[in-house]
Amino acid sequence: MDRINLSDDVSLSQIIYGMWRLTDDSDTSPSYVNQKIEACLEQQITTIDQADIYGGYEAEEVFGTALRQSGYRDTLEIVTKCDIIAPIGRHRDARVKYYDTSREHITQSVEQSLKLMNIDYIDLLLIHRPDPLMDAEQTGAVLDSLVESGKAKHIGVSNFKPHDFALLQSYMHQKLVTNQIEISVLANECFTNGDIAFMQKERLPIMAWSPLAGGRIYDESNQELFAFLNTIANSHNTSPTAIAVAWLLAHPAKIMPVMGTNSVERIKSLSMACNVKLDRQSWFEIYEMANGHEVP
Ligand SMILES: NC(=O)c1ccc[n+]([C@@H]2O[C@H](COP(=O)([O-])OP(=O)(O)OC[C@H]3O[C@@H](n4cnc5c(N)ncnc54)[C@H](OP(=O)(O)O)[C@@H]3O)[C@@H](O)[C@H]2O)c1
């Protein structure tokens with residue numbers, strides 16, 4: 001498993017395991033959550049992606065309870081996010097879904113994440129969504145202070161456009177280290193709309209959420225694409241899932257797919273994608289099949 005450096009002392013596994021769906025599983029017991037983590041560790045997948053809001057603000061606690069029992073904290077890098085407030089769980093009294101990048105909210109959210117996950121630092125804290133009311137001077141200052149106090153080792157963003165990224169960075173001393181955006185064979189606009197190019201210009205790696213399009217590549221409506229992924233998989237002696245992920249890994253931008261399956265069996269084969277090297281023509285065959293037309 002390749003490692004992607006965020007700094008001299010923190011690197012992430014190129015394939016990351018995401019816990020958005022953790023509490024959708026019928027089994028959320030610590031021993032079962034630890035089985036999932038063990039299935040990751042067996043493949044050198046050491047990075048876990050969380051967010052305060054996952055599982056209606058409960059997924060961090062489910063994960064934290066498992067961590068306390070297994071003691072795996074020091075073998076993992078933990079990513080979490082803040083700024084989305086939805087009227088559920090501990091924010092059930094909110095009148096509306098909204099974003100909050102204020103000093104007070106970020107500080108409280110981080111304290112809560114640390115407590116729920118039973119950890120004393122976050123390896124990478126992301127601002128989950130760009131907030132139209134962000135006061136970049138205030139947000140930048142609180143994010144810098146979280147690194148200075150050691151509560152977060154690194155800061156990044158998610159779903160930011162290049163201008164959102166540049167604005168926040170302009171008010172920070174610490175370097176933003178990544179942007180987590182949606183990328184898959186079916187969500188591939190970022191390859192041409194400047195989102196990926198901007199990060200490459202900044203020499204920064206990118207995290208890709210929903211790399212299997214949240215499971216839509218298996219839907220009947222995408223049968224033709226799936227059959228094609230399967231044909232390519234047969235020629236590489238691997239699975240269509242591995243080909244869909246290898247398609248992201250083939251890009252030179254250092255894309256880190258954040259995988260979300262709840263199945264321990266499927267987790268066990270996530271790293272198969274790392275053994276596939278897609279050539280340029282296969283990459284374009286998949287791209288054109290996904291878009292339904294040839295490149296101009
Ligand atoms: N930053 C953001 O705004 C944002 C947004 C969304 C997600 N994320 C992050 O990205 C992570 C991954 O997102 P995701 O879960 O949508 O990713 P994904 O890996 O694209 O999709 C996972 C879904 O695909 C299904 N699936 C996987 N393999 C399958 C197979 N062989 N056959 C049928 N179904 C299959 C899974 O079902 P099974 O569980 O049954 O395998 C699951 O429902 C999340 O956990 C979260 O950490 C971030």
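These legends describe close-up views of a predicted model. Local features need pLDDT of at least 70 and side-chain atom pairs 80 or more, whereas totals for chains, interfaces and linings use all residues. Residues are numbered from 1 along each chain as its sequence is written, and side-chain values use heavy atoms, without hydrogens and water.

**View A. Helix α5 and its cover.** Helix α5 covers residues 136-148. Helices are DSSP runs of H or I, at least four residues, and strands are E runs of at least two, numbered from the N terminus. Gly150 follows α5, with a positive phi near 85°.

View B. Polar contacts here are pairs of N or O atoms within 3.5 Å. A ligand oxygen lies 2.9 Å from a polar backbone atom of Gly214. For Ala213, the distance from a ligand oxygen to a polar backbone atom is 3.4 Å.

**View C. Phe191 and Trp247.** Rings of Phe, Tyr and Trp (its six-membered ring) pair if their centres lie within 6.5 Å; planes under 30 degrees apart count as stacked, over 60 as edge-to-face and the rest as tilted. The structure holds nine such aromatic pairs. Phe191 and Trp247 are edge-to-face because their planes meet at 85°, with ring centres 5.3 Å apart. Both Phe191 and Trp247 are buried.

**View D. The aromatic cluster.** Phe191, Trp247, Trp283, Phe284 and Tyr287 form one aromatic cluster.

Technical notes. The expected span of a helix is 1.5 Å times one less than its number of residues. A polar contact is a pair of N or O atoms within 3.5 Å; within protein, one must be able to donate a hydrogen and the other to accept it, and residues adjacent in sequence count only if both atoms are side-chain atoms. Buried means under 20% relative accessible area, exposed over 50%, partly exposed in between (1.4 Å probe, protein chains only).
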